[in-house]
Structures are given as structure tokens and as C-alpha cells.
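Dear colleague,

Please find below the structure that I am handing over to you. My notes on it follow directly after.

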Amino acid sequence: MWNNQSEQGSSSRNEKESQSMKHGETTFRRKGEILPQSWRDTCVVNMISTIHDSTMVDVPQRNEEVKKKPICIFQYNMFMKAADRADQYLSYYSLLRKTVNWPKKVAFWLINCTLFNSFLIYQKLNPTSQMRYKEFLLQVAKDWATDKVETDSDAARTGTSSQTPRMPHEDPPGRLSGDMRKHVLEKIVGSEWGKRKYPARRCHVCAAHKKRSATRYICKFCLVPLHKGECFQRYHTLQHYYGLW
């Protein structure tokens, strides 16, 4: 065992050596099977290993050059890529907060892992997408925040003569959520003093294609007037529903 004085002196010497190292240089100490090693790349990388020595190996780079790296760093990068990348992403925008309630912390960690796995699946299904992890999390948060859950009071108001609200100025974030169960067409209800027996509004998809065509139906979730069939399908499945028909 190291005594405290020798350990503190050794750590201070190692720190001074690592700070004065030039690019590509390495320094190490060994105590039995324990190998602390520092190597300077763009910054100082510190490693502790019990299965490696201080050997430097040649590692090919993308630009066809060869760089010397400690074997412990080379093998770590080779065998820990997926786990290290996952930990890296999870550390960027973590849901974890300080708490004495450990089940809550476990639940937040599982949600964090689920969001990252969802992002990987999204990238797999959309190989041309340029969406970053932060943008993906913001989109999920918007979908969660705007996801309307029907309550008993909402169900009781269905079919009443309350006027249908006006269409929002922007497309709602949840229109491409893929959950078609919440996108339901219902008849437009006019005001009590309205003159029309069957009130209608201009279809949003038809208007995007400069067609003046009214519909009697509106999406209950998006509050957007749409025709049944193709207009409804295009609006909820296409990012650019206003493209060529």
C-alpha cells in the first residue's frame, strides 16, 4: 500500500509532468498491477488499468496517417465505442436530478435511456435526416406537451353546439406524431347567430395548393379544416404537404 505522503507526492509529480507534456508524449507510473498513465493528444487523457502495460501502438487515422497511442487507450476505443457513445449522449441532456428518493432517480435514468434508444431508431429509419439529439429531445417534449388527453368533461362536451375554435397560425408539432388515433375529423360547429345551416371552412391543404375548396370537417387535435381522404392523409403524414400534388 502507498502511504499518504508518498501518494500525494507522486500525484503532484504526475500532475506537473502531464501539464508539461507535448503533443503525443506520455508518462506513467506502476504499483504492482496498477498502471496510471497520462497521454497528451488535443488535451491530457488519463487512464488507470490493471491489465495493460505502457506500450505505444500505431493507430491508422482517417487521413491515412498513423498516430501512436497507448495500448490501453487504443483498446478502450476499440471495445467501448457503443457504450462510451451512449454515456456521452446521456450526459449532454440528462434528466437526472439530486434526490434522496432512489427509485425516482432510476426511473429518470430509464427514461433517459429510452429517449436515446428512440433517437437511434429514428436515425435508423430516417438515414437522410440531419436532426441532432437536442432537436429530437425538443420535438419529443413539444409532442408530449401538446398531446391532448381526452377527459370526461371533454367527452361530455362532444356533440354540443359550442363553436369550433379557429385554426392556429402555425402547424401543431404533433401533426406528424404517427398516432392517428388522436387525429379525428369532426364536423365544424358555427356560432349560435351564424346564418349557415352547415358551416364550412377552407381546407388547409387545398389552400396550400391555391385551391378554393371548403370542407365541413376539422381535425379535433390539430384544429385544422381538412377534407376527408387525401387531404387528411397528406397533412398528417407528409412533412411538406404543400408540395406537388
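The notes below begin with the whole protein and then turn to its aromatic residues.

This is a predicted model, in which local features need pLDDT of at least 70 and side-chain atom pairs count only at pLDDT 80 or more, while totals for chains, interfaces and linings use all residues. Residues are numbered from 1 along each chain as its sequence is written, and side-chain values use heavy atoms, with hydrogens and water left out.

The protein contains eight helices and nine strands (DSSP runs numbered from the N terminus: H or I of at least four residues for helices, E of at least two for strands). Of its 245 residues, 24% are buried (under 20% relative accessible area; exposed is over 50% and partly exposed lies in between, with a 1.4 Å probe and protein chains only).

Helix 4 (residues 102-125) has Asn-112, Cys-113, Leu-115, Phe-116 and Phe-119 buried.

The whole structure holds six aromatic pairs (rings of Phe, Tyr and Trp, the last by its six-membered ring, with centres within 6.5 Å; planes under 30 degrees apart are stacked, over 60 edge-to-face and the rest tilted). Tyr-122 and Phe-136 form a tilted pair, 5.7 Å centre to centre with 45° between the planes. This pair links helix 4 with helix 5 (residues 133-146), its members being 14 residues apart. Tyr-122 counts as partly exposed because its relative accessibility is 26%, whereas Phe-136, at 9%, counts as buried. Phe-116, Phe-119, Tyr-122, Tyr-133 and Phe-136 form one aromatic cluster.

Yours sincerely
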